[in-house]
Amino acid sequence: LTFDVVSSGTVYEVVDGQSFGVSDATVTVLRADGLVWDAETYGQSSLMMTDATGAGFAWYVPNATYVVRVEKAGYQTSETLVTVEGNILAPTLFVLRNGEEILVVPDDTETPSD
């Protein structure tokens, strides 16, 4: 008898270079066309909340492409496109606090073209 354990999905943020789970975030599964996925057909809910560590959500889904939305007060709503091939949707998702921006640091090895 063998078990293949899959960890749950996680929502995280980066503060001062360190990753931290984001608790009490609402995670919703949408179909690729933007409509809420009909989870009840599969005995599940399309909406879940993260636990104290930012984890605690996963779905058994038909293989397809989905959009996973993360919402929490004080954070930018994020939507991530995820393609599922093994029937388990449990992504790791990054969020930003409101007012934060992602800074792109130039690579010093690049040389300008003349």
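Is F57 buried or exposed? At 1% relative accessibility, F57 counts as buried, because the cut-off for that class is under 20%. The views below come from a predicted model.

View 1. Setting aside neighbours within four places in sequence, F57 touches S8, G9, T10, V11, V27, M48, T50, A90, P91 and L93. One of these contacts, G9, sits 48 residues away from F57 along the chain, yet their C-alpha atoms are separated by 5.2 Å.

**View 2. L30 in strand 3.** Now turn to L30, which belongs to strand 3. With a relative accessibility of 2%, L30 counts as buried. Beyond its neighbours within four places in sequence, L30 is in contact with L35, V36, W37, Y66, V67, R69 and E79. For a sense of distance, L30 and L81 lie 51 residues apart in sequence and 9.4 Å apart from C-alpha to C-alpha.

**View 3. Strand 3 beside strand 7.** Strand 3 (residues 26-31) and strand 7 (residues 65-71) run antiparallel and are joined by 6 bridges.

**View 4. The hairpin of strand 7 and strand 8.** Strand 7 also runs antiparallel to strand 8 (residues 78-83), again with 6 bridges between them. Within this pairing, V68 stands opposite T80 of strand 8. The hairpin has 6 residues between its strands, and G74 takes a positive phi near 90°.

How values were computed. Residues are numbered from 1 along each chain as its sequence is written. This is a predicted model: local features need pLDDT of at least 70, side-chain atom pairs count only at pLDDT 80 or more; totals for chains, interfaces and linings use all residues. Side-chain values use heavy atoms; hydrogens and water are left out. Buried means under 20% relative accessible area, exposed over 50%, partly exposed in between (1.4 Å probe, protein chains only). Contact means heavy atoms within 4.5 Å. Two strands pair if DSSP finds at least two bridges between them. Helices (H or I, at least four residues) and strands (E, at least two) are DSSP runs, numbered from the N terminus.
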